[in-house]
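Let's walk through this model together, from the overall fold down to single side chains. Keep the viewer open as you read.

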Amino acid sequence: MATLDDDPATVAASASFQVRVHRVVAELNPCQEDNYYVANAMLPWGGAPSEGLEVLRGAMACRQWDEFPPFFYGFNQWFFNRDAKEARRALEMAAGRARSPQNAATMRRVGIMIEAGEYADDRAALAFLEREREQAVDDKLIEMLDKRVMRLQGLIVLREAQAQYEATTGRPLINPQALLDSGVLAVLPQDPLRLGYEFVDGRFRLREMKIPGAERRQ
């Protein structure tokens with residue numbers, strides 16, 4: 001039996017009302033904590049990412065002690081808009097001393113990895129990470145970047161070993177074990193993050209943690 005909640009016009013009107021409510025509250029009081037939290041949870045994932053970003057921009061400007069508005073803003077810029085530069089700028093803001101003394105290294109690491117992920121070439125991404133590591137002054141951030149550099153180096157080793165194996169044998173790699181059996185590699189590289197690597201559709205890639213429903217828009 002159909003209900004009012006099933007009516008597309010009713011659903012659209014409700015969504016439009018939610019957007020207006022959060023925008024008006026943000027205009028009246030951009031510092032209101034509950035409003036930006038709820039707006040971030042509902043608007044972007046409900047099909048209104050631009051309106052959600054608008055609310056977060058107001059919270060970022062008003063709540064200059066709070067790390068979460070720029071963190072949410074940066075993540076949403078990357079996830080919904082594919083804007084790595086703006087995402088990193090926001091995450092650097094979140095890492096500011098007045099906002100995030102405890103989580104600064106993590107915020108900066110997330111921003112750096114988002115930007116590194118925009119490089120299509122593995123070696124260019126590695127060079128970028130090595131530069132960021134050299135420029136870092138926070139010991140915690142340096143340690144984090146060390147692991148990401150080693151992880152990417154391992155991926156490059158695997159991909160170059162695959163290319164060598166295929167050039168030598170004249171056939172595609174089917175099973176990574178063949179790299180060891182053929183002597184192309186003595187051992188498979190270990191991921192310092194312990195997530196590991198995977199071989200999918202004939203290509204090595206970094207294994208990532210997956211959160212159902214939070215796959216990045218393509």
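Helices (H or I, at least four residues) and strands (E, at least two) are DSSP runs, numbered from the N terminus. What you see is a predicted model, in which local features need pLDDT of at least 70 and side-chain atom pairs count only at pLDDT 80 or more, while totals for chains, interfaces and linings use all residues. Residues are numbered from 1 along each chain as its sequence is written, and side-chain values use heavy atoms, with hydrogens and water left out.

Start with the whole chain. Its secondary structure comes to 9 helices and 2 strands, and from the N terminus on the order is α-α-α-α-α-α-α-α-α-β-β. Of the 218 residues, 37% are buried; here buried means under 20% relative accessible area, exposed means over 50%, and partly exposed lies in between (1.4 Å probe, protein chains only). A contact means heavy atoms within 4.5 Å. Among the contacts with a separation of 6 or more, 53% are between residues 24 or more positions apart.

Met 42 lies in helix α2, and its relative accessibility of 40% makes it count as partly exposed.

For a contrast in setting, look at Asn 76, which is found in helix α4 (residues 68-81). Is Asn 76 buried or exposed? Asn 76 counts as buried, because its relative accessibility is 3%. Its side chain is joined to that of Asn 40 by a polar contact of 2.9 Å. A polar contact is a pair of N or O atoms within 3.5 Å; within protein, one must be able to donate a hydrogen and the other to accept it, and residues adjacent in sequence count only if both atoms are side-chain atoms. Not counting residues up to four places away in sequence, Asn 76 touches Asn 40, Pro 44, Leu 53, Leu 56 and Asn 81.

Helix α6 is our next stop. It has 13 residues and reaches 18 Å from its first C-alpha to its last, close to the 18 Å expected at 1.5 Å a residue; the expected span is 1.5 Å times one less than the number of residues. The buried residues of α6 are Ala 104, Ala 105, Met 107, Gly 111, Ile 112, Ile 114, Glu 115 and Ala 116. What covers them includes α4, α5 (84-94), α7 (122-135) and α8 (139-169). Arg 109 is also found in helix α6 (residues 104-116). Leaving aside neighbours within four places in sequence, Arg 109 is in contact with Leu 141, Met 144 and Arg 148. Arg 109 and Leu 145 are 36 residues apart in sequence, yet 7.2 Å apart in space, C-alpha to C-alpha.

Finally, follow the charges. The structure holds 15 salt bridges, each a side-chain nitrogen of Lys or Arg within 4 Å of a carboxyl oxygen of Asp or Glu. In one of them, the side chains of Glu 115 and Lys 85 meet at 2.9 Å, N to O. Glu 115 lies in helix α6 and Lys 85 in helix α5, so this pair ties together parts that are 30 residues apart in sequence. Glu 115 counts as buried at 12% relative accessibility, whereas Lys 85 counts as exposed at 59%.

Another salt bridge links Asp 191 with Arg 151, with the closest N and O atoms 2.8 Å apart. Asp 191 lies in the loop between α9 (177-181) and β1 (197-200) and Arg 151 in helix α8, so the pair ties together parts that are 40 residues apart in sequence. Asp 191 is buried, with a relative accessible area of 9%, and Arg 151 is buried at 6%.
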